[in-house]
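Subject: Structure handover

Hello,

Here is the structure you are taking over. My notes on it follow below.

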Amino acid sequence: MTKVVIVSTGGTIASRVDRERGFVTSQATGAELVGLLLKPADVAIEVDEFVMVGSFQFDLDLVFRLTRRIAAHLDDPTVAGVVVTQGTDTMEESAFMADLLVGSDKPLVFTGAQRHADEPDSDGPRNLSDAIKVAAALEGRGLGAVIVFEQEIHAARDVTKVHAARVGTFASGEHGKLGEVDGERVIVHRRPTLRQAFAAEQIESRVDLVKLVMGSDGRFIDHAVADGARAIVLEAFGRGNATPAVVDAVRRATERGVLVVVTTRCPQGRVAPIYGNGGGTDLVSAGAVFAGDMSGIKARILLAVLLAGGRSRSEVIDLVVAMAG
């Protein structure tokens with residue numbers, strides 16, 4: 001008998017209509033969600049009710065505690081894999097932190113729903129059933145943390161939420177999915193290569209993200225530095241470009257020891273220092289580090305993990321470059 005643990009955290013998959021107050025909120029327990037399924041005869045399911053909140057209420061410290069709970073379950077030799085049910089708003093961030101901090105090669109699957117549990121065509125039961133299949137399958141081993149949604153399997157580093165409401169909300173851009181769930185089959189087409197697991201006793205929450213827009217100046221960067229940020233992720237234009245005023249603010253930040261990592265605000269592609277006059281070459285000269293094709297929100301999670309481990313600045317930079325691809 002294969003044992004899978006479901007760690008329940010709330011979210012749309014666990015949400016019902018509160019008719020007295022007129023909105024949808026997390027109410028259904030993990031046990032209730034499992035009770036809606038036609039469970040495989042050869043899989044034993046254990047439910048761990050971790051929290052009951054929407055994922056838009058998550059913060060880095062809560063997700064760090066979640067990763068430790070996951071790791072404890074996977075350390076149990078009787079457990080084949082873990083499924084985490086969560087809201088989709090920040091699922092990609094939770095999955096990536098788990099990918100960075102959970103060293104087990106057992107399957108670790110995040111899933112949820114876009115339609116709440118009271119809707120007649122909720123996607124939650126199907127997604128949860130598919131996630132359990134992946135967590136119980138030998139094919140799911142060695143993939144790191146993944147998101148299973150709408151019959152697709154996505155790597156935590158690459159996946160992002162691409163639609164606010166539709167059920168097919170997760171995609172991995174130019175990288176593509178890892179595989180799929182086809183009926184009872186778990187099919188893996190590729191395996192991640194840019195994966196590392198790190199030991200951490202805490203998380204660094206003082207990492208900010210600044211997205212550039214036409215005419216951006218250095219105010220948000222200066223404010224983040226003044227407010228105690230240890231690192232700033234800059235979602236820059238195109239290949240990693242900024243305005244001269246932003247470059248000046250980056251220089252001020254790096255001179256004060258704040259690490260600045262550059263990503264692109266584009267949904268696909270990678271940054272590279274090519275342009276001058278406020279472009280990427282000026283950002284590098286100002287001390288910024290380029291993060292390849294990693295998204296801004298994933299770079300923030302990576303820095304939150306790396307900066308909490310007592311590593312030197314150069315060690316952190318080397319690891320960011322290695323993970324950038």
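Contact here means heavy atoms within 4.5 Å. By that cut-off, and not counting residues up to four places away in sequence, Gly-81 touches Lys-3, Val-4, Val-5, Leu-74, Pro-107 and Ala-135. Please keep in mind that this is a predicted model.

Overall

The protein has nine helices and 16 strands. A compact globule of 325 residues would have a radius of gyration near 20 Å, and the protein agrees with that at 20 Å. Along the principal axes, the C-alpha atoms fill a box of roughly 65 × 45 × 35 Å. Of the 325 residues, 52% are buried. Among contacts with a separation of 6 or more, 72% are between residues 24 or more positions apart. The accessible surface is about 14000 Å², and carbon and sulfur atoms hold 49% of that surface. There are 35 positive and 42 negative charges, and their mean positions lie 2 Å apart.

Leu-108 is 27 residues from Gly-81 in sequence, with 5.9 Å between the two C-alpha atoms.

Ala-231 is in strand E14. This residue is also buried, with a relative accessible area of 0%. Leaving out residues up to four places away in sequence, Ala-231 touches Arg-206, Val-207, Asp-208, Val-258, Leu-259, Leu-303 and Leu-307. Met-52, 179 residues from Ala-231 along the chain, is 30 Å away, C-alpha to C-alpha.

Helix H5

Helix H5 runs over residues 219-226, and its buried residues are Ile-221, Ala-224 and Val-225. Seen down the axis of H5, these buried residues fall within an arc of 100 degrees, so they line one face of the helix. An α-helix has 3.6 residues a turn, so residues three or four places apart point the same way. What does the buried side of H5 pack against? The partners are strand E13 (207-211), strand E14 (231-236) and helix H6 (244-255). On the face turned away from the buried side, H5 carries the exposed residues Arg-219, Phe-220, His-223 and Ala-226. Just after H5 comes Gly-228, with a positive phi of about 100 degrees.

Helix H8

Helix H8, residues 296-306, is mostly covered, with nine of its eleven residues buried. These are Gly-296, Lys-298, Ala-299, Ile-301, Leu-302, Leu-303, Ala-304, Val-305 and Leu-306. The list includes a lysine, Lys-298.

Loops

Buried, exposed or in between: where does Glu-150 fall? Glu-150 is partly exposed, with a relative accessible area of 27%. Gln-151 also counts as partly exposed, at 37% relative accessibility.

Gly-238 lies in the loop between E14 and H6. At 33% relative accessibility, Gly-238 counts as partly exposed. Leaving aside neighbours within four places in sequence, Gly-238 is in contact with Thr-264, Cys-266 and Val-271. Gly-183 is 55 residues from Gly-238 along the chain, and their C-alpha atoms are separated by 40 Å.

Regards

Notes: Residues numbered from 1 in each chain as written. Predicted model: local features only at pLDDT ≥ 70, side-chain atom pairs only at ≥ 80, totals over all residues. Heavy atoms only, no water. Helix = DSSP H or I, 4+ residues; strand = E, 2+ residues; numbered from the N terminus. Rg over C-alpha atoms; globule rule 2.2 N^0.38 Å. Buried < 20%, exposed > 50% of the residue type's maximum accessible area, 1.4 Å probe, protein only. Areas by Shrake-Rupley, 256 points an atom, 1.4 Å probe, with all protein chains shown as cover. Lys, Arg positive; Asp, Glu negative; His and termini not counted. Charge placed at Lys NZ, Arg CZ, Asp CG, Glu CD. Arc of directions from axis to C-beta.
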